[in-house]
Amino acid sequence: MTLLLAVAQLPARAQEAASPEEGDFDVSSFLLGHVADAYEWHITEIKGKEISIPLPCIVIEDGLHVFSSRKMAENGYTLNADGKLVNAATGARPVDISVTKNVLGLLFNAALLVLLILLCARWYRRHDVLKEKPAGLAALLEPVIVMIEQDLIKDVVGPEYRKYSPYLLTAFFFILINNLMGIFPVFPGGANITGNIAVTGVLALFTFMMVNIFGNKHYWKDILWPDVPIFLKAIPIMPLIEILGMFTKPFSLMIRLFANMLAGHIMLLSVIAIIFLTASMGPVLNGSITVIAALFGVFLDCLEILVAFLQAYVFTMLSAVFIGLAHQQPANETN
Amino acid sequence: MSLITPSFGLLFWMVVIFGIVFFLLAKFGFPVITKAVQTRSDHIADSLQAADEAREQLANLAQEQAKMIEETRLEQSRILKEASETRERILSQAKEDASAEAEKMLEHAKLEIAAERESAIRDIRRQVAMISVDVAEKIVRKDLDVSEGQLALIDRMVDEAEQAQLPN
């Protein structure tokens with residue numbers, strides 16, 4: 001990503017160098033522009049000309065309005081300071097279900113994931129698993145699926161793991177593919193999807209539902225009437241804490257994934273930004289910093305690949321732990 | 001700040017997209033794969049167990065075989081011993097029987113010989129008596145005066161008697 005971005009930004013740098021009086025490189029808008037959602041997919045800038053893909057805006061305000069993001073002004077909408085679509089006249093936020101950069105990225109990654117997994121499943125449908133060893137895509141995905149299911153889900157959730165493994169596997173691969181595509185800098189990758197709180201929030205919400213809809217009697221008893229001295233339950237301190245705990249668990253999942261992926265993107269982008277920040281400090285310093293930043297960027301990219309896998313794994317593992325906790329059998333009934 | 005305020009549009013799309021992905025993968029994707037993998041691992045476990053059992057059976061078989069060989073060897077030596085004993089017994093029995101038979105035959109022969117001799121002696125006695133009677137008769141029949149004539153007569157008589165006796 002480092003090198004690609006550096007190459008992609010070369011014209012911009014040349015332009016900046018040519019006209020230093022135009023102002024300093026704006027780091028915060030550079031960072032935010034790359035990690036935030038947008039109504040168009042900015043690809044690059046060539047000789048000061050923006051190259052981006054306009055995306056459809058879908059707005060519900062006195063009926064459904066669908067228009068290209070390039071024609072925002074003609075339809076009476078504009079962007080506010082936060083970069084959100086607002087009514088140009090009133091400044092109010094309409095119900096906005098536009099296909100933004102992240103939505104398009106999500107759609108693409110989801111389609112890719114479904115394609116990969118269904119192709120893999122098709123191999124198993126068409127071949128006798130007792131007579132043939134997996135080949136191609138099945139050989140690639142099977143070890144990962146088996147690792148997640150047998151070593152993680154089965155061990156953590158317990159005997160009822162079969163019921164939950166489809167959800168947990170879906171969550172794992174969904175997060176993994178979005179994380180990996182987030183690191184990939186060229187369209188259709190590079191969208192900061194799992195570093196967006198709405199995305200991680202929905203994932204956490206699904207885990208919350210999985211935990212609480214299928215929780216057993218013991219789980220609910222533990223929340224509402226836990227095994228603690230009676231004065232802790234008479235004034236419902238413990239039940240309150242437990243009920244709070246129901247929500248803090250998925251909340252922590254949401255924040256963990258969001259913060260980790262966002263931080264990863266920002267770190268990488270910051271290293272790149274150093275190159276442009278030093279552009280005005282002379283060719284020697286800028287050149288040496290560029291080399292160091294590029295090397296450091298390579299290192300960070302490798303780290304991010306690890307983090308992409310790790311965060312998907314952690315999310316899945318903690319979801320499995322929470323589901324497992326909701327299915328615990330009482331250790332002894334006499335208590 | 002826009003980074004930590006979730007936007008409704010993305011929430012909406014995320015629910016829809018993740019919901020669809022979850023439905024598709026949970027229905028047509030992962031169960032197929034995990035079931036197939038489970039089938040295979042069960043099959044492998046079964047095969048391993050079967051192989052283990054077969055190996056155990058084989059070991060048992062070898063043990064049984066060794067036991068059978070051992071038993072056979074014991075049986076063989078027992079039979080050999082018995083046979084030699086039987087031979088010894090038969091031989092000694094035969095020897096005993098033969099010596100007893102020989103004894104008996106010898107006894108028998110002795111008795112017979114004794115009986116023969118007895119009857120022969122009796123016969124001779126009878127013959128001598130008869131000859132004596134004949135001689136006495138002849139002597140009585142002739143004139144007892146002439147001694148020379150008498151002696152010649154006796155001699156003649158004895159010869160005659162002898163000759164008469166001989167053809168018998």
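What is the relative accessible area of B:Glu88?

Mentor: B:Glu88 has a relative accessible area of 48% and is therefore partly exposed; in this scheme buried means under 20%, exposed over 50%, and partly exposed in between, with a 1.4 Å probe and protein chains only. The structure is a predicted model, in which local features need pLDDT of at least 70, side-chain atom pairs count only at pLDDT 80 or more, and totals for chains, interfaces and linings use all residues. Residues are numbered from 1 along each chain as its sequence is written, chains are lettered from A and ligands numbered from 1 in the order in which they are written, and side-chain values use heavy atoms, with hydrogens and water left out.

The partner of B:Glu88 is B:Arg87, and their side chains form a salt bridge at 3.6 Å, N to O. By definition, a salt bridge places a side-chain nitrogen of Lys or Arg within 4 Å of a carboxyl oxygen of Asp or Glu. Side chains of opposite charge can pair when their charged atoms come close.

B:Arg55 and B:Asp52 meet in a salt bridge of 3.1 Å, N to O. Both residues lie in helix α1 of chain B, three residues apart, or about one turn of the helix; helices (H or I, at least four residues) and strands (E, at least two) are DSSP runs, numbered from the N terminus. B:Arg55 counts as exposed because its relative accessibility is 53%, whereas B:Asp52, at 42%, counts as partly exposed.

Another pairing reaches across to chain A. The side chains of A:Glu142 and B:Arg40 form a salt bridge of 2.4 Å, N to O, and both of these residues are buried. The rule counts 11 salt bridges over all chains. The A:Glu142 pair joins two chains, because A:Glu142 lies in helix α5 (residues 137-157) of chain A and B:Arg40 in helix α1 (residues 8-141) of chain B.

That brings us to the interface itself. There, 36 residues of chain B are in contact with 52 residues of chain A, contact meaning heavy atoms within 4.5 Å. Between them the chains bury about 3900 Å², 82% of it on carbon and sulfur atoms; buried area is the accessible area (1.4 Å probe) that two parts lose on being put together, summed over both. The rule finds one salt bridge across this interface.

Aromatic rings also deserve attention. Over all chains, the search finds 21 aromatic pairs. One of them, B:Phe23 with B:Phe28, is edge-to-face because the planes stand at 90°, with the ring centres 6.4 Å apart. Rings of Phe, Tyr and Trp (its six-membered ring) pair if their centres lie within 6.5 Å; planes under 30 degrees apart are stacked, over 60 edge-to-face, and the rest tilted. B:Phe28 is partly exposed, with a relative accessible area of 35%. Ring pairs also link A:Tyr167, A:Phe174, A:Phe206, B:Phe18 and B:Phe22 into a cluster.
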